[in-house]
Amino acid sequence: MLNAKDEIKKFKAGFVTISGPPNSGKSTLLNTLCNAHLGAVSQKPHTTRIHVKGILTTENYQIVFIDTPGFIKPVTKLEKLMEFETKRALKYDADITVLCIEPNIKILEKNLDFIKSYFNNSNKEIITTVTKIDIYDKKEIEETKNLLKKINNSSIILEISSIKKININILIDEIIKKLPVSPPYYPDDILSDKWERFFVSELIRETVFELYEQEVPYSVAVSIEIFDEKRIPIYILAYLYVSKKTHKIIIIGENGKKIKLLREKSQEKIKNFLNKEIKLEIYVKIRENWQNDEKFINKITEYYK
Ligand SMILES: Nc1nc2c(ncn2[C@@H]2O[C@H](COP(=O)(O)OP(=O)(O)OP(=O)(O)O)[C@@H](O)[C@H]2O)c(=O)[nH]1
Ligand SMILES: [Mg+2]
């Protein structure tokens with residue numbers, strides 16, 4: 001018979017979706033929880049397009065986090081895919097969901113309907129996190145918590161900061177309490193379900209979000225055409241697709257200065273991520289209105305899956 005000590009030792013494992021309004025800090029939380037740069041992060045909303053799994057394994061548990069795109073009212077086919085990715089992770093994949101809410105009343109009110117329907121449609125345990133508390137004052141954090149309690153008073157609410165690592169361990173403890181007893185889903189040395197090519201393309205896309213304004217980052221899709229590990233340094237050729245001619249001109253910039261910066265910054269990030277020397281080349285291509293071209297979207301997300 002099992003004694004109490006053995007009970008504690010029982011291995012726990014499960015899936016945890018990270019959801020919430022755009023720009024609320026979901027991907028940053030994934031990266032902090034997994035201690036790796038897995039999700040693309042930017043100051044602009046709708047950075048994440050496809051779900052990304054981050055796997056945290058210890059002696060006693062394995063948590064498979066699923067970062068998802070922010071809540072979206074889809075218009076284009078790409079946005080429909082983003083919405084599908086969010087809903088799929090919520091409905092089928094997760095044992096628990098972590099809802100990320102930035103304590104900004106204006107943004108919160110804008111997303112209230114999404115948040116309400118999230119609580120109504122989820123049949124899973126929800127842990128609500130009020131994010132980025134290092135940059136908000138107490139009053140705003142309290143107001144947010146009160147509003148959230150009005151919507152749902154059964155979910156735990158934790159105040160967190162992923163950047164300052166505040167209450168991250170408490171969040172992990174709360175998740176472990178709710179995790180089912182189960183063998184691990186992945187080998188203990190696996191950090192994500194995605195291929196290196198995916199992270200390489202996302203690091204380039206993240207840099208595009210950093211360097212370009214307005215609609216340009218949303219016009220960009222990245223495809224890794226060559227990833228040649230036999231060459232030293234590793235040779236990577238990326239095609240950067242834009243949906244308009246004018247965007248190509250903006251991406252390249254005067255005398256090619258802007259794309260040079262994009263190449264250099266992306267190369268540095270990829271080098272740090274892979275921990276290997278690399279040589280990156282980027283070609284810009286026009287693919288008009290690709291956001292509504294299902295075939296193209298499938299091609300571009302082929303190695304994402
Ligand atoms: N100060 C502070 N900023 C944060 C924190 N977490 C995230 N941010 C910033 O908030 C912005 C959005 O972060 P992301 O992690 O990309 O947000 P997201 O929810 O994944 O966004 P989408 O994928 O676009 O829905 C970035 O500029 C982050 O650096 C935090 O704990 N503190
Ligand atoms: Mg994100």
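Hello everyone, and thanks for coming. Some housekeeping: residues are numbered from 1 along each chain as its sequence is written, while chains are lettered from A and ligands numbered from 1 in the order in which they are written. Since the model is predicted, local features need pLDDT of at least 70 and side-chain atom pairs count only at pLDDT 80 or more, whereas totals for chains, interfaces and linings use all residues.

Let's start with the sheets. Helices and strands here are DSSP runs numbered from the N terminus, with at least four residues of H or I for a helix and at least two of E for a strand. Two strands pair if DSSP finds at least two bridges between them.

One open sheet has 6 strands in the order 2-3-1-4-5-6, and its pairing is mixed. Strand 2 and strand 6 (156-159) are at the edges with a single partner strand each, so one side of each has no neighbour in the sheet. From one strand to the next, the twist averages 25 degrees; angles run from 0 to 180 degrees between N-to-C directions, and axes are lines fitted to C-alpha atoms, for helices over the stretch in contact. Strand 2 pairs with strand 3 (residues 61-67) in the antiparallel sense over 6 bridges. If you want a pair to click on, threonine 57 has glutamine 62 in strand 3 as its bridge partner.

Now the other open sheet, where 3 strands run in the order 7-8-9, again with mixed pairing. Which strands stand at its edges? They are strand 7 and strand 9 (278-286); each has a single partner strand, so one side of each is left without a neighbour in the sheet. Here the twist averages 20 degrees from one strand to the next. Strand 8 and strand 9 are parallel, paired over 9 bridges, and alanine 238 has isoleucine 282 of strand 9 as its bridge partner.

A cis peptide bond joins isoleucine 232 and proline 233, with omega about -5 degrees. Proline 233 sits in the loop between strand 7 (221-228) and strand 8 (234-242).

On to the loop between helix 2 (26-34) and strand 2 (52-57), which holds asparagine 35 and also histidine 46. Neither is a glycine, yet phi is positive: about 55 degrees for asparagine 35 and about 60 degrees for histidine 46. Are they buried or exposed? Asparagine 35 is exposed, with 10 other C-beta atoms within 10 Å, and histidine 46 is partly exposed, with 18. The cut-offs, with C-beta atoms placed from the backbone, are 20 or more others within 10 Å for buried, 12 or fewer for exposed, and partly exposed in between.

Finally, the ligand. Ligand 1 has 23 residues around it, and Gly25, Ser27, Thr28, Thr48 and Gly70 come nearest; near means a C-beta atom, placed from the backbone, within 6 Å. That shell divides into 6 nonpolar, 14 polar and 3 charged residues. Ala, Val, Leu, Ile, Met, Phe, Trp, Tyr, Cys and Pro count as nonpolar, Asp, Glu, Lys and Arg as charged, and the others, Gly among them, as polar.
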